[in-house]
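Good morning, and thank you for joining this meeting.

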Amino acid sequence: GQGLMAGKRGLIMGVANNRSIAYGIAKACANQGAELALTYQGDAFKKRVEPLAQELGAHIVGHCDVTEPETLNAVFAEVEKLWGRLDFVVHAIAFSDKEELDGRYVDTTRANFQRTMEISVFSFTDVAKRAEALMPDGGSLLTLTYYGAEKVMPHYNVMGVAKAGLEASVRYLAVDLGGKNIRVNAISAGPIKTLAASGIGDFRYILRWNEYNAPLKRTVTPEEVGDAGMYFLSDLSRGVTGEVHHVDSGYHVVGMKAVDAPDI
Ligand code: NAD
């Protein structure tokens, strides 16, 4: 095969539809010759993911809900049966009750806090542990985060606290797995209109605010996150681990944001 990802086999978790960030990453990897396996969450997503898998020449390795460990067991057993090993994993999974992605963080409930942490933070560690067993010669793990981990963003609330935990997980996992040449990184993506983002209150406003204030004067696309993701999953980034890399049109470097943006 040809391409920067030729001979590499990767599991991609979190494709919901053709606007998913995970799909952007999958496309970039497939274009560079990677062989892919996709999961889907429940039958509702199955029929959306199937045609995308076909287009990417990817395998489907089953239903996965990260709150049901038996489904993770089944997916990793399927990958082992298929390939016997794994070179990379993309974790593009997060969830919180829509009700709590609005209003005040202080009002978060115990139940949704726990659920948000389990799905959006613990699942990456759970996946990393399973991937380790299939990566005897090393590998690359990638997750997706957001600037709301670093700074308080309106409505991001409990998800910001979760992303802070996820970013810390990236660093701890990088140290735990570095000796096995397994690298662990995150991309901090700027806001993109996806299914998950539609749960966030006033998301259109956030998009416009970013367009106005980012150095590149626009938001980013799943394809742009995909290309950066491919770098982390390829050998181009072989010297990089524990990193949180911003793909956000430069938004995070701007200290003084405009107050009176036209059209906002
Ligand atoms: P998306 O809706 O396309 O993807 C979210 C995925 O999470 C879906 O495929 C869904 O099935 C999966 N998921 C949710 N709960 C799950 C569970 N219990 N078990 C298994 N899978 C589950 O949206 P997206 O924006 O592409 O989100 C992907 C990642 O990117 C998320 O971690 C998100 O927080 C992150 N991110 C998104 C943005 C943005 O603006 N869209 C910005 C930065 C980071």
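In which hand of crossing does helix 4 pass helix 5? Before I answer, please note that what we have here is a predicted model. Helix 4 passes helix 5 in a right-handed crossing.

Let me describe this pair further. Two packed helices are described by the angle between their axes and the distance between the axes. Helix 4, residues 110-132, packs with helix 5 at an angle of about 20 degrees, and the two axes are 9 Å apart. Angles under 35 degrees count as roughly parallel, so helix 4 and helix 5 are roughly parallel to each other. On the side of helix 4, the residues in the contact include Phe 113, Met 117, Val 121 and Phe 124. On the side of helix 5, they include Val 158, Ala 162, Leu 166 and Leu 173. By class, the contact of helix 4 with helix 5 has eleven nonpolar, six polar and one charged residues.

I turn to a second pair. Helix 1, residues 21-31, and helix 7, residues 222-233, pack at an angle of about 55 degrees, with their axes 7 Å apart. That angle makes helix 1 oblique to helix 7. Helix 1 passes helix 7 in a right-handed crossing. Among the residues making the contact are Tyr 23, Ile 25 and Lys 27 of helix 1, together with Val 225, Asp 227 and Met 230 of helix 7. The residues of this contact divide into nine nonpolar, three polar and three charged.

Next come the annotated positions. Which residues does the UniProt annotation "active site" cover? In the unreviewed UniProt entry, that annotation covers Tyr 146 and Tyr 156. Tyr 146 is placed in the loop between strand 5, residues 139-145, and helix 5, residues 157-178. Tyr 156 lies in the loop between strand 5 and helix 5.

Are these tyrosines buried or exposed? A residue is buried if 20 or more other C-beta atoms lie within 10 Å of its own. Tyr 146 counts as buried because it has 25 C-beta neighbours inside 10 Å. Tyr 156 has 22 such neighbours inside 10 Å and therefore counts as buried. Leaving aside neighbours within four places in sequence, Tyr 146 is in contact with Lys 163, Ser 188 and Ala 189. On the corresponding basis, not counting residues up to four places away, Tyr 156 touches Gly 148 and Ile 200.

Let us go on to strand 5, where Leu 142 has its place. Leu 142 counts as buried because 28 C-beta neighbours lie inside 10 Å. Not counting residues up to four places away in sequence, Leu 142 touches a list of residues that includes Val 90, His 91, Ile 187 and Phe 232. Gly 229 and Leu 233 are also among those that Leu 142 touches, and both of them belong to the contact that helix 7 makes with helix 1. The C-alpha atoms of Leu 142 and Val 170 are separated by 8.7 Å, although these residues are 28 residues apart along the chain.

Thr 71 is partly exposed, because 17 other C-beta atoms lie within 10 Å. Not counting residues up to four places away in sequence, Thr 71 touches His 63, Cys 64 and Asp 65. Its C-alpha atom is separated by 14 Å from that of Gly 14, 57 residues apart along the chain.

Thank you for your attention.

How values were computed: Residues are numbered from 1 along each chain as its sequence is written. This is a predicted model: local features need pLDDT of at least 70, side-chain atom pairs count only at pLDDT 80 or more; totals for chains, interfaces and linings use all residues. UniProt positions are given in the numbering used here, feature names are shortened, and annotations may be inferred rather than shown by experiment. Helices (H or I, at least four residues) and strands (E, at least two) are DSSP runs, numbered from the N terminus. A residue is buried if 20 or more other C-beta atoms lie within 10 Å of its own, exposed if 12 or fewer, and partly exposed in between; C-beta atoms are placed from the backbone. Two residues are in contact if their C-beta atoms, placed from the backbone, lie within 7 Å. Axes are lines fitted to C-alpha atoms, for helices over the stretch in contact, and angles run from 0 to 180 degrees between N-to-C directions. Angles under 35 degrees count as roughly parallel, over 145 as roughly antiparallel, 65 to 115 as roughly perpendicular and the rest as oblique. A crossing is left-handed if the near helix is turned anticlockwise from the far one by less than a right angle, and right-handed if clockwise. Ala, Val, Leu, Ile, Met, Phe, Trp, Tyr, Cys and Pro count as nonpolar, Asp, Glu, Lys and Arg as charged, and the others, Gly among them, as polar.
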